[in-house]
Amino acid sequence: MKKFESVLELMKESPLVALKGRAVSRPRAGLWAKLDLALPGAMKDRVAVKMIEDAEARGELRPGGVIVESSSGTMAEGLARVGALKGYPVIIVSDPRLDQASQAKLRALGAQLEIVDVYHPEGGWQHSRLVRLREILDQNPGAYWTRQYDTPSNAGAYVEQMADELLAALDGKLSVLVASVGSGGSLCGTSRGLRKTLPNLRVVAVDAVGSGLFHQPCRKRFQSGHGNNIVAGNIDYQLIDEVHWISDGEAFNACRELARREGIFGGGSSGAVYIVASWLAERAAPGEQVVTILPDRGDRYAELIYSDEFFAEHGMNGADADAEPQHIRYGLEVAERWSWAEVPRDGSVPYHTAEVVKTSALSEELGLPS
């Protein structure tokens, strides 16, 4: 049995498990899931540790310093846990999508919560959270903002850790990487690390219907943790071969199937990537290996994804993803259900619309530190 000096050591490596795939798919390739949801607080644990360790090494975060971040998901818990273990006060700015269980965890870990209540018509919850974050930094001179969407430490955690873990576990035999995209760190960092050894790796992004990251109109949606109304600096479109959009109903029904078929209790991002990875494994050649990253657990979605009352109220019963996605033209057609498109690299279509701003530009507009 391994012994660990601190929970911090448990926040840096996750297991790899074989999947059967969806009931409507018949995978020919090996299908594997990196269970980052099995980390103490889920996927963003490894990023939280990396960001704080890098800030300490640069001298930007010193004993007694205050950590501040905007998050509606697992990054909040990761930073709260690292702060508790290292002795830093942590202030998290979030929005109403943060469920009561997550709020209880954050408070138990000693974090201070600031919940915004106004949804910005263009920038969504993220814009509103950053406005409040600006106010908090003004009130706490010297506080350190981890800047999860733009810091190189986000993708760096995957370049240095995730890629090596996958290469070692699969003896370097990996054909397709599938991951959800929010801040862009996990997919882009892992693919950047893997392509040093596997230059022909196929990289597939999973986004939410209603997200503006890949030239789609922004809409309100229930999925959180992936998709965004603002483009993070860690998204490197040059690394991505294709993108799939998954609707709320499709993602949430897939979560329930993931639990029944695979015994994995996942959140919305996990359900969304399960759909796409199953289909890609079915289309891949025998002997190939398809890997997806399952980022979030289902605990915080008990009253959403796993609530029969919520499903009935929002017409999600039976809204399962089809066996095949719809192929649409990037930037020209709107995804209403599971759809996919090649990501253009020839400049013929911008990666996102002009109305969708970058996090760095918004931060500059709000006077946040770069």
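At 0% relative accessibility, Asp95 counts as buried (buried means under 20% relative accessible area, exposed over 50%, and partly exposed in between, with a 1.4 Å probe and protein chains only). The structure is a predicted model, in which local features need pLDDT of at least 70 and side-chain atom pairs count only at pLDDT 80 or more, whereas totals for chains, interfaces and linings use all residues. Residues are numbered from 1 along each chain as its sequence is written, and side-chain values use heavy atoms, with hydrogens and water left out.

Asp95 takes part in a salt bridge with Arg129, at an N to O distance of 2.7 Å (a salt bridge is a side-chain nitrogen of Lys or Arg within 4 Å of a carboxyl oxygen of Asp or Glu). This pair links distant parts of the chain, with Arg129 in helix α4 (residues 124–139) and Asp95 in the loop between β4 (90–94) and α3 (100–108), 34 residues apart. Helices (H or I, at least four residues) and strands (E, at least two) are DSSP runs, numbered from the N terminus. Both Arg129 and Asp95 are buried. Asp95 also forms a salt bridge with Arg97, the closest N and O atoms being 3.1 Å apart; Arg97 counts as partly exposed, at 30% relative accessibility.

A further salt bridge joins the side chains of Asp308 and Arg256 (3.2 Å, N to O). Here too distant parts of the chain are linked: Asp308 lies in helix α9 (residues 308–313) and Arg256 in helix α7 (residues 248–262), 52 residues apart. Asp308 counts as exposed, at 52% relative accessibility, while Arg256 is buried, with a relative accessible area of 17%. Lys34, Asp36, Arg46 and Glu165 are linked in a network of salt bridges. The count of salt bridges comes to 27.

Eight strands form an open sheet with mixed pairing, in the order β1-β2-β10-β7-β8-β9-β12-β11; two strands pair if DSSP finds at least two bridges between them. The edge strands, β1 (16–18) and β11 (326–327), each pair on one side only. Strands β2 (residues 30–35) and β10 (residues 289–294) run parallel and are joined by six bridges. Trp32 has Val291 as its bridge partner in β10.

The structure holds zero disulfides (a disulfide is a pair of cysteine sulfur atoms within 2.5 Å). The sulfur of Cys188 is too far from the closest cysteine sulfur, in Cys218, for a bond, because 18 Å separates them. Cys188 counts as buried, at 1% relative accessibility, whereas Cys218 counts as partly exposed, at 32%.
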